[in-house]
Amino acid sequence: MTESKSSTGHSFGYKQELNRALSFGDLLIYGLIFMVPIAPFGIYGQIAIGSHGMVALAYAIGMVGMLFTAFSYSKMSSAIPIAGSVYSYAQRGINDNVGFIAGWLILLDYIFIPALLYLVSAIALADIVPQIPVLVWLIIFIGFNTIINIRGIVFTAKTNKVILFLEFVVLAVFIFVGIAAIARHVNGAVFTFKPLFDPAQFSLSTVMGAVSIAVLSFLGFDAISTLSEESNGGKKAVGKATIFSLIIVGVLFIIQTWVAALVFPNYNAFKSPDTAFYQVAGIAGGDWLRIVTIVATAVSWGIANALVAQTAISRILYSMARDRKLPHFLSKIHPKYKTPYISTLLVALVSLIVTTIFASQIGKLASVVNFGALSSFILLHLAVMNYYLRKQKSKNYLQYFIMPLIGLLIIGFVWWNLDPLAKTLGFSWLAIGIVYLIFLKIFGKDTKISVDLP
């Protein structure tokens with residue numbers, strides 16, 4: 001189905017500049033790639049230890065919790081089908097100033113995510129091939145993704161399909177080999193429901209502490225909404241893709257971590273929490289599987305995940321720049337490929353600078369990312385309540401008050417349990433944004449959105 005003019009950016013006072021060529025399937029794949037179906041490979045150890053072995057339960061609770069946020073994204077992407085994601089939703093759902101703050105916060109998430117992914121992947125590959133410096137891997141990853149993103153959203157979508165297929169192959173191999181190892185009782189493995197629920201180890205505080213880590217694996221489903229002006233599947237396509245991608249990835253997370261926990265039940269015996277999954281893979285299938293999972297993680301994060309992350313942040317920059325909230329040149333569209341290429345190049349440059357600065361401080365970089373994402377989610381839920389209940393006069397309190405409120409409380413809990421460093425750096429970024437907003441207003445550079453919702 002072709003997007004009608006009434007539901008495009010025209011209705012919101014914008015010229016349709018981006019290439020509206022993405023189907024529902026493309027959006028779904030984009031969400032899956034962003035969340036990375038094999039994301040637990042990289043953080044399995046911390047969650048297994050934190051949950052006392054109930055890692056599958058942590059992911060199950062995390063998936064259910066994030067579904068409430070996905071529901072809010074679904075509702076707002078249908079009502080406001082433009083590229084700005086939470087920036088546009090808070091802007092029109094609450095007011096212009098809150099919209100700017102939401103956009104500023106999500107920038108903290110999206111603009112540093114590619115740098116974080118590049119750095120983790122480069123370090124992993126440098127460990128396998130020490131002859132190639134980390135900086136060389138960074139340049140390769142950043143250059144490759146930037147070229148693909150500038151070439152156009154259709155080219156990016158095709159690349160996503162190839163990489164996602166390879167991720168599924170690696171995941172299928174691990175699950176198959178893992179189940180075979182369990183059947184042969186390798187490492188004393190036996191089938192049990194303990195990874196999903198172990199009454200002897202269960203405590204709410206223990207599990208929820210692990211959930212606060214596991215839920216971060218789901219970050220990225222929200223980025224589908226940045227492609228609203230490139231979707232040709234109707235106003236509801238973005239919302240449906242958001243929810244379906246989250247459910248699919250959540251189920252895959254539960255299955256793979258359940259198998260891993262059965263193969264290696266003694267979560268206190270990992271050589272290192274950072275490499276725990278690779279240790280499990282080595283026990284299940286031998287050194288070849290360990291290497292395959294390491295390479296798959298590096299490629300999935302450094303190319304696939306970073307590719308879609310760069311796509312998402314370039315659309316946020318584009319949307320804020322055309323509203324004059326950021327320098328207007330960032331909204332410039334490539335005449336041939338119909339992509340915001342200046343924003344894309346800026347993200348590449350920032351990624352190279354940030355990875356150089358944080359080369360030995362991955363934890364700090366991750367903390368900054370988490371603060372931005374969760375803070376913007378809180379504003380999203382408030383935008384749903386205000387837009388539908390106050391502006392649209394809806395009486396559906398279940399959908400537009402109770403469900404967003406549950407989502408807000410869940411995200412608020414995770415936000416509250418963030419590392420103190422994350423809050424310090426995050427509030428510093430927020431303070432800079434507030435000062436910048438005041439500067440825009442004082443010097444008359446702020447452009448208010450004068451076009452009302454249809």
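Which residues form a nonpolar patch on the surface? The legends below start there.

View 1. The patch consists of Val162, Phe165, Leu166, Val169, Val173, Trp288 and Val292. Together they have about 630 Å² of accessible area. Areas come from the Shrake-Rupley method with a 1.4 Å probe, and for residues only the protein chains shown count as cover. A patch takes residues with over 30% relative accessible area and no salt bridge; nonpolar side chains (Val, Leu, Ile, Met, Phe, Trp, Tyr) are joined within 5 Å, like charges within 9 Å. H8 gives the most, with 5 residues. Helices (H or I, at least four residues) and strands (E, at least two) are DSSP runs, numbered from the N terminus. Val162 sits in helix H8. Val162 counts as exposed because its relative accessibility is 52%. The classes are buried (under 20% relative accessible area), exposed (over 50%) and partly exposed (in between), with a 1.4 Å probe and protein chains only.

The model is predicted: local features need pLDDT of at least 70, side-chain atom pairs count only at pLDDT 80 or more, and totals for chains, interfaces and linings use all residues. Residues are numbered from 1 along each chain as its sequence is written, and side-chain values use heavy atoms, leaving out hydrogens and water.

**View 2. Helix H3 packs against helix H10.** Two packed helices are described by the angle between their axes and the distance between the axes. H3 covers residues 55–79 and H10 covers residues 237–263. Their angle is about 175°, and the axes are 9 Å apart. That makes H3 roughly antiparallel to H10. Axes are lines fitted to C-alpha atoms, for helices over the stretch in contact, and angles run from 0 to 180 degrees between N-to-C directions. Angles under 35 degrees count as roughly parallel, over 145 as roughly antiparallel, 65 to 115 as roughly perpendicular and the rest as oblique. By class, the contact of H3 with H10 has 19 nonpolar, 6 polar and no charged residues. Here Ala, Val, Leu, Ile, Met, Phe, Trp, Tyr, Cys and Pro count as nonpolar; Asp, Glu, Lys and Arg as charged; the others, Gly among them, as polar. Ala260 belongs to helix H10. Ala260 is buried, at 0% relative accessible area. From Ala260 to Ala284, 24 residues apart along the chain, the C-alpha separation is 8.7 Å.

**View 3. Lys161 and Asp26 form a salt bridge.** The closest N and O atoms are 3.3 Å apart. Lys161 lies in helix H8 and Asp26 in helix H1 (residues 24–35), so the pair ties together parts that are 135 residues apart in sequence. Lys161 is partly exposed, at 41% relative accessible area. Asp26 is buried, at 14%. A salt bridge is a side-chain nitrogen of Lys or Arg within 4 Å of a carboxyl oxygen of Asp or Glu. The whole structure holds 3 salt bridges.

**View 4. Asp96 pairs with Lys325 in a salt bridge.** The N to O distance is 3.4 Å. Asp96 lies in helix H5 (residues 96–110) and Lys325 in the loop between H12 and helix H13 (341–357), so the pair ties together parts that are 229 residues apart in sequence. Both Asp96 and Lys325 are buried.

**View 5. Arg290 and Asp287 form a salt bridge.** Here N and O are 2.7 Å apart. Arg290 and Asp287 are separated by about one helical turn because they are 3 residues apart in helix H12. Arg290 is partly exposed, at 31% relative accessibility. Asp287 is also partly exposed, with a relative accessible area of 44%.

**View 6. Gly433 is a buried residue of helix H16.** H16 covers residues 420–442. The relative accessible area of Gly433 is 0%. Gly103 is 330 residues away from Gly433 along the chain, yet their C-alpha atoms are separated by 9.7 Å.

**View 7. Asn149 is a buried residue of helix H7.** H7 spans residues 134–151. Asn149 has 2% relative accessibility. Asn149 and Leu345 are 196 residues apart in sequence and 9.4 Å apart in space, C-alpha to C-alpha.
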